[in-house]
Amino acid sequence: MTDTDNQFVAWVQARQKVIGIVAGVLVLLVLAGWYVMESGRRKQAQAFDALDQARGSMEAGSYADAATAFQRITETFSGTDASLEASLALGQVRLLSGQAELAIEDLRKFIASNPPAYYKSAAHSHLAVALENTGKVAEAAAEYVKAAELSTAPYQKNDALLNAARTYRAQGNTAEARSILEGIVKNNKDETPGTAEARVRLAELDAIS
């Protein structure tokens, strides 16, 4: 061995205890990281299993059971994608069971929690439907516009805008309806979902003007 090798061995031997502690800490950190990741994965899997079961109840028409299940998911699996999905589904169940006012309350709370844009956009759309069901068409139009502004996909944006145009037209505000529809046609290609429908609705407005 060279002098350099001897010096390195001596250095290691002099610090064996410290090196052992550092190595042990690194092992613990790796294990802790693995445990957190594995726990998160299992939590997500359990949450989506519960979500599927709740959706099954909703599709079967068991709205009370579905509402209870969705609410439990939002509380038990808070912070997961399944929890966000459950919050939206809970609003749908409220609407299907004729509880529009309760749906409005739940959806407004969800929006106030500032979820990611995709979920927030969908929540504004669901809220708009609930408001329409209670006769608040003007408020519904504003919610559809908010949904469009927050949308992260063209189809989602156009769907919200088409509904906004529809509600403005229902109020007699054909100028705003026309402006929205013209915007859809101008800003999208013909094959983009919603563009063809926007053209049809524009033609209908032209026919009555």
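The entries below cover the basis of the values, the salt bridges and one further residue.

Basis. I worked from a predicted model, in which local features need pLDDT of at least 70 and side-chain atom pairs count only at pLDDT 80 or more, while totals for chains, interfaces and linings use all residues. Residues are numbered from 1 along each chain as its sequence is written, and side-chain values use heavy atoms, with hydrogens and water left out.

Entry 1. I looked up the salt bridges (a side-chain nitrogen of Lys or Arg within 4 Å of a carboxyl oxygen of Asp or Glu) and found nine in the structure.

Entry 2. I noted a salt bridge between Glu-85 and Arg-55, at 3.3 Å from N to O. Glu-85 belongs to helix H4 (residues 81-96) and Arg-55 to helix H2, 30 residues apart; helices here are DSSP runs (H or I, at least four residues), numbered from the N terminus. Glu-85 is partly exposed at 23% relative accessibility, and Arg-55 is partly exposed at 29%. I applied these cut-offs: buried is under 20% relative accessible area, exposed over 50%, partly exposed in between (1.4 Å probe, protein chains only).

Entry 3. I then took Arg-94 and Asp-106, whose closest N and O atoms are 2.9 Å apart in a salt bridge. Arg-94 lies in helix H4 and Asp-106 in helix H5 (residues 100-112), so this pair ties together parts twelve residues apart in sequence. Arg-94 is buried at 9%, and Asp-106 is buried at 19%.

Entry 4. I checked Ala-45 in helix H2 (residues 16-59) and found this residue partly exposed, at 35% relative accessibility.

Terms used:
Helix = DSSP H or I, 4+ residues; strand = E, 2+ residues; numbered from the N terminus.
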